[in-house]
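Biologist: Let us go through this model together. I will ask, and you answer from the coordinates.

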Amino acid sequence: MTEPVAGARKVVLPPHRVRAQRPLGTRAREWTRENLFPSPAQAVVTLLALAFATAIVALAVYLVLAAEWRVITVNRWLLFAGGFPQDQEWRLWVSVALVFPLIGAAFGLWASLGRRDLLFMALAAGFLFFLARHGDAGWASTVWVAGSLALFFAGYLVCRLVPREPGRARSIATWTAGGALALALPAVLAVLMAAGGARTNEFSGFMMNLILAPVGIAGGLLLAIPLAVGRASSLRAVSWTCTAYIELIRGAPLIGWLFVALFILEDVIAGDLIVRTMVVLAVFTSAYIAEYIRGGLQALPHGQTEAAQAVGLGRTRTLQLVVLPQALRISIPPIVGQAISLWKDTALISAILPLRELVGNSKAAIAQPEFIENRIEVYVFAAVLFWIVAFVMSRVSQRMERSLGIGER
Amino acid sequence: MTTMTGGLPPPAPTPLFFRRGFRNLLAQGVYVGVTALVIFYVVQALGGREYGFGFLNQPAAFDVGNQWLINVDGTTNTRFTMYLVGIWATARVVMVTLLLSTVLGVAVGVARLSPNWLLSKMAMLFVEIFRNMPLFVQIVLWYAIVLFGLPQIQNALDLGDTFFLSNRGIAVPWPEPDGGLYGGPEWLTAVWAAAVAAAAVAAWFVRRRRQELERETGQPHYPNRWGIRLFAGGALVSFLALGLPLTIDVPVLSGTDYAEGLTLRPEFTALTLGLTIYTASFIAEIVRASIQALPKGQTEAANAIGLSGYQRLTLVILPQALRQMIPSVTNQYLNASKNSSLAYGVSYADLFFVANIIQNKIGHAVEVFALIIVTYMLMSLAISVVMNFLNSRLTLTRV
C-alpha cells in the first residue's frame, strides 16, 4: 500500500495537520504574529509588557546574584527543624521517606505526571539537592533526599500499573492508599516521638508547619462533617448551635483565635501550647470546611433523598450511603482550597505565639549579628518553601477536579 | 363491625422508643445535655478570672503611632479611645485595600484572558506567585524591602520631584485646603466639596432620567456620558469660580522627615501592598472564571455587531460577568478585612495590635477577645450589607 494507486482519492489532511507540516521557521513566525503582534495596538501592548517583564527579570536576577545566600546554608537546620534534637535527625528523614511514596502513590492513582509536572519536580529536586549539599551535613542528607525521591517515583509507578477503570484491583488499591494516607499522620508523629524521640515542645522550624497544617486539616475535616449535617438538620436545637458555632469561629481572624489559644485556652485545655494550637487550627478550619460541605449538601437534588427513602433506607443510612458521599465529592475542591489556606496560615503562628515555626526561626536567623543584613534573603527563602508546597497542592486540586468530573455530568 | 375476616391483622402500635417524634425529642435532649455540659465545663474553667469592662475607661498609658488626620494622645485618653484609634487604622487599610485590589484584580483577570500571549502569561505568573505565598510572609517581606531595600531619606529615590521613596516611607503629593486665589477663608474648600456633592446628586438624577427616556423611546440618550459630563463640569466650574480653593502639596524634605504632602509610613505601605496584591490575585482568578463562564456567543455577538475590543469588554462581557463574581468577590473582601489583622507582624497599630497591647498591660483576655470578635463581625456585617445591596441592584429581576 505504499504506492498510491492510480485513480485512488488523494488523501486530504485536515488544515491543522497541513499547517503543522510546514517548516519550523514559518510556524514560529506565524505564531509570533498571531499571539504577539496581531494588530498595532496589540504590538504596543506586547512591547510594553516585554519591557516590564525584562525589567522585572533583570531586577530579580540582579537581586539573586547580589544576595548572600550563606545565611540560608549556615542556618539550614535552624530553618528546617530548629529545636529538634540534632542526634535524632534520622527520625525526620524516616518520616520524609514514609510520606513521599504515599504522595507518589496518590499521584499515580488519581492523577498523572505530565511533562510540566516533571519539569517542576526536577526544579524542586534540584533545589533540595542544592540545600542538602551545602552546609555541614556531608553526604547523608543527599542520600536521604535521593532515596525519598526514588521512593516517590516507585510509589507513582506502582500505582500507575493499577487500571484506571473501576474494578476490583482499583478499589483495593484506592482503599489501601487512602488508608495509608489517613494513617500517615499518626505514623509520622509516632516516628518522631516514640521511644525516646522528640517532645512536642521540641517541634520547630519548617517541620512544625508541615505537621501543624495536616493536623489542622484532618481534625477540621473530622469536626466539619457532623457540623455541616447538624447545621442542615431539622432539629432546631442542633441546627441553631451548629450555626452559632460556625458563625462565631468565622467571625474573628485566625490570629485572633491564636490569641485565644495563648491567653484563654490555658485554663480550659491541659497540655502544651502546641496541643492547644492544634486544637485551635482544627476548630478554625472545621467552621470553614463545614460551610463548604453544607454547600455540597444544598447542591444535591432533593430527589436523591427521596429516592433513598423510596428504596427503604432509614435516615442514617440515607445520609451515610447516598447524601454524604455525593456532597463530599462536590465539596472536595473548596476543601483543598481551605487546606492550602491553612497551610499558608501556619506562617503566622510565630507572630503571636511563642512557638517557632519557619517564620519564627527566620527571625531567629536574622537576629544573629552576622546575618543582620540578610533579612530579605531569609524571607524570600521562607516564601519560596511555602510557595512550593502550596503550588503543588493547588495543582493536585485542579487535577482532582478534572478526574472527579466535578462541574461536568 | 369489629369482626374482621381476612386481610392483614391490625398493625401493632409502634413501641414508644421507635416513634419518630419521640426519637427526635430524645436526640435533641441528649444533644442539649452534652452541649450544656461542655459549656458548663468551659465556664467553670474560666471562672477563676475577674471580669468586667471597667478597664476600658481607665487611662491607656501607651502611645499609638501611625495615626492619620487625628492625633490622639495615649497618656491622657482612655483605653477604649485608643481602641477606636486602632479601628480607624484598620478601616483605612481595609478601604484602600478593597479599592486597589479590585482595580488590580480586574485588570489582571482580564489580562489573563487576553489574546496577547505575553500579557496573559504575565498575568498567570502574577496570580500563581502571589496566591500561593503566605500573606504574612509577603507582608513581612515587603516591610523588609521598604525598610532595608530602599535608600535613606537623605538620598531618597526621587520620581519627578513629586514622589519620594525612602526607608521612612513613600511621600506623595496631597491636596491641602486653601483660601484660593482671592485669599478667602479656608472653609472655601468645604464649600467646593458641597458643590461637588450637589453636582454628583444632579448627575445621578439626570442619568436616571435619561435612562428612563432611553427605555421609553428606544433612542440613545447617553445617560452615563451626560452624567459624567454634568458631574465633571459642575466640579470644574465651581472649582474655578471659588478661585481654586485647594492646592496640591508636594512633599518637601525638612530635617529627617517630609514637611508637606502625605507620607505613607513603611508599616502602612507594607501592609497595604501585601494585602492588595494578595487579594488582587484571588480577585483576578474570580474575574477570569466568571468571564470564562459566559457563553461564547456573547463575544461572537459583540464581534458581529462590530464592537471594538474595549467596547466588547466594557459593554458586553464585564457587566454580565459582574453578576457572577459579586458573591465570590464579597467573600474575598471579607477575607481581606480579617486579614488586615496581620498588621500585627509589622507593628502597624490596627485594632488587633492595640487590643493586644491592652491585654498585655491589664489582662482581661476574655473581654478583650470579645471586643475584637464583635468589631470584626460588625465590619464583616457592614461589608456584606453593602455588597448585598450592590448584588440586589445588579441581579436581573426582570427578564
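Biologist: How much area do chain A and chain B bury between them?
Modeller: Keep in mind that this is a predicted model. Of the area buried between chain A and chain B, 71% lies on carbon and sulfur atoms. The total is about 4600 Å².

Biologist: Which residues in chain A lose the most area to chain B?
Modeller: Three residues lead on that side. Together they make up 13% of what the side of chain A buries. They are Phe259(A), Val268(A) and Lys344(A).

Biologist: How many residues does the contact take from each chain?
Modeller: The cut-off here is heavy atoms within 4.5 Å. With it, the contact takes 53 residues from chain A and 49 residues from chain B.

Biologist: How many residue pairs are in polar contact between chain A and chain B?
Modeller: Both residues of a pair must be at pLDDT 80 or more. The count between chain A and chain B is then 14.

Biologist: Which element gives the largest share of the side of chain A that touches chain B?
Modeller: Several helices of chain A give two or more residues to that side, including H2 (24-35), H3 (40-66), H16 (332-345) and H19 (375-403). The largest share is 11 residues. It comes from H19(A).

Biologist: How many nonpolar residues are on the side of chain A that touches chain B?
Modeller: Sort that side by class. It has 10 charged and 7 polar residues. The nonpolar count is 36.

Biologist: Which side chains meet in a salt bridge at 3.6 Å, N to O?
Modeller: The rule finds 2 salt bridges across the interface of chain A and chain B. The cut-off is 4 Å from nitrogen to carboxyl oxygen. A pair at 3.6 Å passes: Arg395(A) and Glu128(B).

Biologist: How far apart are the closest N and O atoms of Arg231(A) and Glu291(A)?
Modeller: Over all chains the count comes to 10 salt bridges, by the rule used here. Arg231(A) with Glu291(A) is a salt bridge too. Arg231(A) sits in helix H10 (206-231) and Glu291(A) in helix H13 (273-299), 60 residues apart in the chain. The closest N and O atoms are separated by 2.7 Å.

Biologist: Why is one side of S1 and of S8 in chain B left without a neighbour in the sheet?
Modeller: The open sheet has 4 strands in the order S1-S2-S3-S8, with antiparallel pairing. The twist averages 15° from one strand to the next. S1 (157-159) and S8 (262-264) stand at the edges, so each has a single partner strand.

Biologist: Which residue stands opposite Phe164(B) in S3(B)?
Modeller: S2(B), residues 163-166, joins S3(B) through 3 bridges. The two strands form a hairpin with 2 residues between them. Opposite Phe164(B) stands Ala171(B).

Biologist: What is the bridge partner of Val172(B) in S8(B)?
Modeller: S3(B), residues 169-172, pairs with S8(B) in the antiparallel sense over 3 bridges. For Val172(B), the partner in S8(B) is Leu262(B).

Methods: Residues numbered from 1 in each chain as written. Chains lettered and ligands numbered in written order. Predicted model: local features only at pLDDT ≥ 70, side-chain atom pairs only at ≥ 80, totals over all residues. Heavy atoms only, no water. Buried area = accessible area lost by both parts, 1.4 Å probe. Polar contact = N/O pair within 3.5 Å; in protein donor to acceptor, adjacent residues only side chain to side chain. Nonpolar A, V, L, I, M, F, W, Y, C, P; charged D, E, K, R; others polar. Pairing = 2+ DSSP bridges. Axes fitted to C-alpha atoms, helices over the stretch in contact; angles between N-to-C directions.
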